[in-house]
Amino acid sequence: MKVEELLKPFPIKEFHPFPRAMLGPGAWELLGPEAKKLGFSRILVMTSGLRGSETVPKIVGSLRYHGLEVVVYDKVESNPKDYNVMDAVALYQENQCDSFISIGGGSSHDACKGARISVAHDGRSVNEFEGFNKSENPKNPPHIAVSTTAGTGSETSWAYVITDTTTDPEKPHKYVAFDDASVATLAVDDPTLYYDCPVDYTAQCGFDVLAHASEPYVSRLNFPPSLGNALYAIRLTAENLRQATWNPQDLPGREGMMYAQYIAAQAFNSGGLGIIHSISHAVSAFYDTHHGLNNAIALPRVWAFNMPVAYRRFADIAQVMGVDTHGMTDVQAAEAALAAAIRLLRDVGIPEKFTDVTQDTYSKNRLGLGPTKLYENSPVIRGDDEDIDRITNHVLGDACTPGNAKECTFQTVRPVVDHCLNGDLDDLLS
Ligand SMILES: [Fe+2]
């Protein structure tokens with residue numbers, strides 16, 4: 001069912017499935033036995049490589065110790081491209097693999113989900129499955145998703161995001177596919193694998209969590225089973241992101257963010273997203289910037305945009321972010337939530353607008369292979385009129401836009417995009 005259909009009068013709400021999961025320190029050591037229990041024999045591991053950490057060799061070594069055969073595809077790029085998916089599909093078929101394990105953040109998990117769907121359709125292009133439940137074969141290979149970040153939630157969600165590079169090399173199209181057939185078989189969220197995540201990635205991924213949690217909490221889908229998880233994920237993020245960012249070996253901080261990621265994704269899975277994500281996808285499509293970084297920059301502007309239709313909900317958000325809302329009106333409390341989000345963004349050192357972002361201020365593909373072929377000559381983010389227009393148009397076509405708290409048109413969204421690119425965050429504080 002499409003988001004537009006869910007917004008019609010008398011909608012039937014749809015609850016999408018989650019995989020079984022193992023959460024907690026040391027969970028990764030159960031991968032071999034769990035894979036064998038699931039019938040894995042020859043596994044394709046999909047990852048960016050997580051270079052600079054020992055995570056991939058450690059896990060692959062453990063799988064082999066348990067008698068499993070492993071083939072590694074370690075070229076998944078940040079904002080995974082269609083050719084990453086199809087290269088992995090070819091490797092899977094050549095080696096006659098029977099199962100997948102993805103190790104990393106959203107890029108690795110999403111590319112892996114796309115590869116499974118393609119394998120189940122005789123290697124058809126992943127781009128053919130853009131949209132809602134486009135898979136025609138629910139029987140695709142089993143998949144264990146092992147998280148090394150706390151942001152994406154892709155290990156437990158029915159969403160995957162791919163950049164289609166085939167349409168126009170100058171204007172890549174980044175799309176979200178929502179597909180029940182893409183849900184992993186087993187999710188593993190082990191906070192000890194998250195210790196090696198760099199400071200900037202940790203901060204940026206944390207704002208992906210805050211977007212995953214806050215967008216369904218104010219979405220027009222207004223799905224009750226999502227609301228409790230959404231609020232609690234916001235609380236966990238407000239309480240743990242600073243520690244996880246600045247004290248990487250702090251287990252409570254890392255574990256708190258892992259749980260925040262997990263339940264925030266379960267909130268948006270059926271509760272919808274909004275234009276924080278749509279703006280983020282558009283900027284990644286054109287500039288290949290990090291998804292979490294984009295969400296962090298878009299979040300305060302989109303909260304301010306949506307606030308007039310959801311003061312009460314934003315007042316709840318203020319409370320779980322630690323604001324003492326006693327004696328405040330809903331409007332005052334909602335504004336305090338926005339101030340708390342901006343404070344968090346500044347405390348964890350995230351750039352405040354897109355034109356402040358240069359290739360030096362975000363660690364593009366630092367754990368992967370380096371600049372990708374599409375973007376190696378990518379200019380700094382321009383933020384001129386033409387840029388604002390193309391980003392706004394991409395936003396309006398995004399599958400997350402219909403769920404946004406407020407109806408979106410070119411005229412209403414363009415100033416939000418302009419502010420993300422060029423505006424000062426202090427403008428949003430009353
Ligand atoms: Fe996200």
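Here is a stop-by-stop tour of the structure, with something to select at each stop.

**Before you start**

This is a predicted model, in which local features need pLDDT of at least 70, side-chain atom pairs count only at pLDDT 80 or more, and totals for chains, interfaces and linings use all residues. Residues are numbered from 1 along each chain as its sequence is written, and side-chain values use heavy atoms, with hydrogens and water left out.

**Stop 1: the sheet**

Switch to a cartoon view and look for the strands. Helices (H or I, at least four residues) and strands (E, at least two) are DSSP runs, numbered from the N terminus. Six strands make an open sheet, in the order S1-S9-S6-S4-S2-S3, with parallel pairing. Two strands count as a pair if DSSP finds at least two bridges between them. Now select 20-23 and 69-73: these are the edge strands S1 and S3, and each pairs on one side only. From one strand to the next, the twist averages 20°; axes here are lines fitted to C-alpha atoms, for helices over the stretch in contact, and angles run from 0 to 180 degrees between N-to-C directions.

**Stop 2**

Select residues 186-189, which are strand S9. Are its residues buried or exposed? Leu186 and Val188 on one side and Ala187 and Asp189 on the other are all buried, and both faces of S9 are covered. Buried means under 20% relative accessible area, exposed means over 50%, and partly exposed is in between (1.4 Å probe, protein chains only).

S1 and S9 pair in the parallel sense over four bridges, and Arg20 stands opposite Leu186. Strand S6 (residues 143-147) is also joined to S9 by four bridges and runs parallel; here Val146 has Val188 as its bridge partner.

**Stop 3**

Select 42-47 and 99-104. These are strands S2 and S4, which run parallel and are joined by five bridges. Which residue of S4 is the bridge partner of Met46? Ser102 is. Then show helix H4 (residues 82-94), which lies across S2, S3 and S4 and runs at about 155° to S3.

**Stop 4**

Most residues other than glycine have a negative phi. Select Leu50, in the loop between S2 and helix H3 (55-65): its phi is positive, about 45°, although it is not a glycine. Leu50 is buried, at 7% relative accessible area. Then go to Gln96, in the loop between H4 and S4. Gln96 is not a glycine either, and has a positive phi of about 50°, but with 64% relative accessibility Gln96 counts as exposed.

**Stop 5: the largest pocket**

Select Glu130, Phe132, Gly397, Asp398 and Ala399. Of the 17 residues that line the largest pocket, these lie nearest its centre. On a 1 Å grid over the protein atoms alone, a pocket is an open set of points with protein on both sides within 12 Å along at least five of seven lines, and lining residues have an atom within 4 Å of a point. The space in the largest pocket is about 280 Å³; the volume is the space filled by probe spheres set on the points, which are joined across faces, edges and corners.

Strand S5 (131-132), strand S8 (173-178) and helix H13 (385-396) each supply at least two lining residues. Which element gives the largest share? S8 does, with four residues. The lining divides into six nonpolar, five polar and six charged residues. Ala, Val, Leu, Ile, Met, Phe, Trp, Tyr, Cys and Pro count as nonpolar, Asp, Glu, Lys and Arg as charged, and the others, Gly among them, as polar.

**Stop 6: among the helices**

Stay with helix H13 and select Ile388, which is buried at 2% relative accessible area. Leaving aside neighbours within four places in sequence, the residues in contact with Ile388 (heavy atoms within 4.5 Å) include Arg414, Val417 and Leu421.

Now select helix H11, residues 311-320, whose buried residues include Phe314, Ile317 and Val320. The buried residues of H11 pack against helices H6 (199-218), H7 (224-246), H10 (291-306) and H12 (330-347). After H11 comes Gly322, with a positive phi near 100°.

Finish in H10 at Ala298, which is buried, with a relative accessible area of 0%. Beyond its neighbours within four places in sequence, Ala298 is in contact with Ile276, Ile279 and Cys420.

Conventions
1 Å grid on protein atoms, 1.4 Å probe; cavity = no way out; pocket = protein on both sides within 12 Å on 5 of 7 lines; lining within 4 Å.
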